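Please read the following structure with a few questions in mind. They concern how two chains meet.

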Amino acid sequence: MKTKTPVTTPAKKGGSSIRKIQRKDNWQLFSLAIPGLIVLILFSYLPMFGVVLAFKDYRAIDGIFGSAWCGFKNFTFFFKGDGAMLKRLLTNTVGLNVLYLVVNTVVTIIMGMLLFELKNRLAIRVYQTIVFLPFIVSWVAAAYAVTANLTYQNGIINSALAKMGLEKINWYMEPERWTWILMIAYLWKRVGHGTIVYYGNLMSVDTSLFEAAKLDGANRVQVMLNISWPHIRPVVISFFILSIGGVFNSDFGMFYYLTNDSTALYARTDVIDTYVIRALRTGGNNVGMSTAIGLMQSAAGFIVLMVVNKLAELVDEKGTVF
Amino acid sequence: MKLFGKKIDFVNLLIHIFFIALCLVMIYPFISMLSVSLVSVEESQAIGYSIWPKKPTLIAYQLVLENFEPVAKALLTSFAVCISTTLLTVMLNAMYAYTVSRPTFPARRIINFILLFTMFFGGGAAASYIVNVNWLHMKNNLLILIVPGSVGAMSVIIIRSFFQGLPYGLVESAKLDGASEYQIFFKIMLPLSTPALGTIAISAFIGAWNAYYAPMMYFDYGKATTLSLFLQRLMNSIEMLRSNPGFNDALLDQIPGTGLTMAVACITVLPMVFVFPWFQKYFVKGMAIGAVKA
């Protein structure tokens, strides 16, 4: 702000002191945001300079800015050869994520609506709590539960199979099954979250709508389709749009820990994120490559987000994010 | 009408049965972890694990307790990290949210943008790692688990919309009485916003408790360990327990490695599972706000 020349008239003097207070208030407000801004600058904005790594041949001794430029080598590397690796990673990442996202959305909508049908408050609370529990458990811990069940020698399922005289299944060697195992795990962890969101949203429907529908002789399914569904549709759509932007980024913990990072399963479980982490951990010149992949993931995700957002306008304008 | 009433009961019953079955499925993984941690060596070798051990034994837990030091250390570290993270997250997000919630504040839009931009663009895992380790020297430093995630767009949005839902007259009348912005924030807004702050606190705590990525990336063997990291490394080997000088090898032969690791896994998971229901209402409220503002 500009410095002000001294004023003489009483009216103006009053105005200036208000302005002074205003200025002091603004400084105080700004100072409240400073700690947050520092954290953002250090941990979100500084790494953004690292984007140049995608175009560099990174060497630890030279640092981010000292390393030599290498053009688009880090990008093209990914597309080299017969592209089998790229194809596998893309199929797994996009295929599985879209499949899981769609199934999860459908299941949570149905469950939210079913829960809304119930009237017993205690039961609703208990169901909500238990269905939501897996959400607070880390994938590392969940991986233990999977191990307990699927270990070949004496896992719970194989032991039960053996007891029934059936052949044991070598779970960690058969990739085909993992599409579905991971889907169950995905739903197990997330279904509660969506259910509670949609249930909470249904609670805000004007109850007179339901009464009117009942008077008009509508049955439950008709009420669901014509009142409940249109009401939650915008929320469903915005959640879906926000999630679809992430289809190129996977839930790393699930794909990495649940599969025990088992090489035999890569054909169906190796996604971009697990590939990148493995590349980073094995060292070598993978920093530039992983940054390049990250950039492509963000760009592709953003494009998908925009396209789906545009498409959503056709379905229900209230659900769009932008 | 009577018949109609009966029909509704029948449908409701079906829905109840569905949800009860679903709840059983949901807790099955927890049960299976617990069961496996209770199975004795002989049983696991003879007939394998089962959900209902014939002769349950607490020997795995006994072993963990006898060599409790590494577990206790990890437990303490985890608690310290979680509590610091929670406090810091609540304070920083609330302060930031208060600034951007005030319509009269001139720099509101730019400060808001600085935050929201991070939702859509980042430097990537490798760049973050290099910056944190080489520039900020955060390797093996517990601050790396606490500070970076403490400001988040979603959290600020939740708290901000809560602040904006409070009557603006509160701010104006406090100002007429000569209150400073600090006083308004700490004495009026914060105490009135406990539901929103509770939401942020509980999710920050759970997030910190479960965090596996940062501990895995930034902590070397032998340095400070959180419970989640401890569990991760235990998965590969039980060498960490074995390296403890007082370790009882004779006992180890009696229990399968899996049983021991399951016991530690249960110790990690079960406290959260039992504590969570009491905090659930905060979580639900926060998600409702998030859903409206998403």
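This is a predicted model: local features need pLDDT of at least 70, side-chain atom pairs count only at pLDDT 80 or more; totals for chains, interfaces and linings use all residues.

Residues are numbered from 1 along each chain as its sequence is written, chains are lettered from A and ligands numbered from 1 in the order in which they are written, and side-chain values use heavy atoms, with hydrogens and water left out.

Reader: What is the area buried between chain A and chain B?

Author: The size of an interface is often given as the accessible area lost when the parts come together. Here that loss is taken with a 1.4 Å probe and summed over both parts. Carbon and sulfur atoms give 76% of the area, and the total is about 7,900 Å².

Reader: Which residue of chain A forms a salt bridge with B:Lys175?

Author: A salt bridge needs a side-chain nitrogen of Lys or Arg within 4 Å of a carboxyl oxygen of Asp or Glu. Across the interface of chain A and chain B the rule finds 1. The closest N and O atoms are 2.9 Å apart, and the partner of B:Lys175 is A:Asp25.

Reader: Is A:Ser67 buried or exposed?

Author: A:Ser67 lies in the loop between helix H2 (63–66) and strand E2 (68–69) of chain A (DSSP runs, of at least four residues for helices and at least two for strands). Buried means under 20% relative accessible area and exposed over 50%, with partly exposed in between (1.4 Å probe, protein chains only). Because its relative accessible area is 3%, A:Ser67 is buried.

Conventions: Buried area is the accessible area (1.4 Å probe) that two parts lose on being put together, summed over both.
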